[in-house]
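Q: I have just opened this one and have not looked at it before. Could you walk me through it, starting with a single residue and then moving outwards?

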Amino acid sequence: EEELLGLYRSHTAQYPDDAGSAAVYVRLLLALKRPEAGAAVSAALEAHPENPLLLYLRHRELQQQRDPRALEALSKAVDAETDPLRKSAWTEELVGVALAEDRRELAERHLKALVALPDQTAAQRVALAQRLNRDGFAALALEVTAAALAASPSPEVAVELDLQAAAAETSLGQREAAARRLDSLLSRVAPDYARRSEIVSRRVALLSSDAERAAHLQRARAAWEA
């Protein structure tokens, strides 16, 4: 253990421009819960102040110390990160902590940045919409699903996007829009489609009166007979 730490300590001292080795050294110190981790990450950030991984490791070090500045450190790391996968993972971590600390505006700012990332696949947008609905950011979820549906995804992905869009509309109080979306979806899927019962269940949940239920049942019966 000491030999390995000594090796990285010597390397970082000899090659201060090697941010990767500095990050590995800090990771080792954090994993071993060594008290010098704070000084090491501070020294590394002096040489590489905009390095996202080192900024994230600052967050981890502060988190380990239960320092209230940990969330702001994570926010800086997310801002600096450009890799979409890592940015997404760190944003998810940030949102959980921010909501727990009643920092919804901070969570929303980073989620908006995530929504705006270019070149996301349909599957990534589905996962993002699910996360946004789960965490109560329905307006952003609707924005994501609209963009993804406009890109003509595969039929199976389109079903999930419409379901997420309907969930967002329902959360926003747009029940009629959600009902129309689900009715349209039901008209497009086959009677034996595996998820049809789920779609029907969500549609039924939007019925608000006995008269509306009767009309919906009548339409369903007519469609079945046809």
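A: Happy to, with the reminder that this is a predicted model. A place to begin is Glu81, which, once its neighbours within four places in sequence are left aside, is in contact with Pro52, Arg86, Lys87 and Trp90.

Q: Where does Glu81 sit in the chain?

A: Glu81 belongs to the loop that links α5, residues 70–80, to α6, residues 84–100.

Q: And is Glu81 buried or exposed?

A: Glu81 counts as buried, because its relative accessibility is 6% and the cut-off for buried is under 20%.

Q: Okay, zooming out: how many helices and strands are there?

A: The chain has 13 helices and zero strands, so that reading along the sequence gives the pattern α-α-α-α-α-α-α-α-α-α-α-α-α.

Q: What is the radius of gyration, and what would a compact globule have?

A: The chain has a radius of gyration of 24 Å, whereas a compact globule of 226 residues would be near 17 Å. Taken along the principal axes, the C-alpha atoms fill a box of roughly 80 × 35 × 30 Å.

Q: How much of the chain is buried, then?

A: Of its 226 residues, 41% count as buried. The accessible surface comes to about 12700 Å², and carbon and sulfur atoms account for 54% of that surface.

Q: What about contacts between residues that are apart in sequence?

A: If you take the contacts between residues at least 6 apart in sequence, 47% of them join residues at least 24 apart.

Q: Let's pick a helix. What does α8 look like?

A: Helix α8 covers residues 122–134, which makes 13 residues, and its first and last C-alpha atoms are 18 Å apart, close to the 18 Å expected at 1.5 Å a residue. Just after α8 comes Gly136, which takes a positive phi of about 85 degrees.

Q: Which residues of α8 are buried, and what covers them?

A: The buried residues in α8 are Arg125, Val126, Leu128, Ala129, Arg131, Leu132 and Asn133. Their cover includes α6, α7 (104–115), α9 (138–150) and α10 (155–171).

Q: Take Val126 from that list; what does Val126 touch?

A: Not counting residues up to four places away in sequence, Val126 touches Val157, Glu160 and Leu161. Val126 is buried, with a relative accessible area of 11%, and its C-alpha is 9.2 Å from that of Ala141, which is 15 residues away in sequence.

Q: You mentioned α10 as part of the cover. How long is α10?

A: Helix α10 has 17 residues and reaches 24 Å from its first C-alpha to its last, which is close to the 24 Å expected at 1.5 Å a residue. After α10 comes Gly173, whose phi is positive, near 80 degrees.

Q: What do the buried residues of α10 pack against?

A: They pack against α8, α9, α11 (175–188) and α12 (196–205). The buried residues of α10 include Ala158, Leu161, Gln164, Ala165 and Ala168.

Q: One last topic: which residues other than glycine have a positive phi?

A: Among them are Arg66, with phi near 55 degrees, and Ser152, with phi near 55 degrees as well.

Q: Where are Arg66 and Ser152, and are they buried or exposed?

A: Arg66 lies in the loop between α4 (52–64) and α5, and at 76% relative accessibility Arg66 counts as exposed. Ser152 lies in the loop between α9 and α10, and Ser152 also counts as exposed, at 62% relative accessibility.

Methods: Residues numbered from 1 in each chain as written. Predicted model: local features only at pLDDT ≥ 70, side-chain atom pairs only at ≥ 80, totals over all residues. Heavy atoms only, no water. Helix = DSSP H or I, 4+ residues; strand = E, 2+ residues; numbered from the N terminus. Buried < 20%, exposed > 50% of the residue type's maximum accessible area, 1.4 Å probe, protein only. Contact = heavy atoms within 4.5 Å. Rg over C-alpha atoms; globule rule 2.2 N^0.38 Å. Areas by Shrake-Rupley, 256 points an atom, 1.4 Å probe, with all protein chains shown as cover. Expected span 1.5 Å × (residues − 1).
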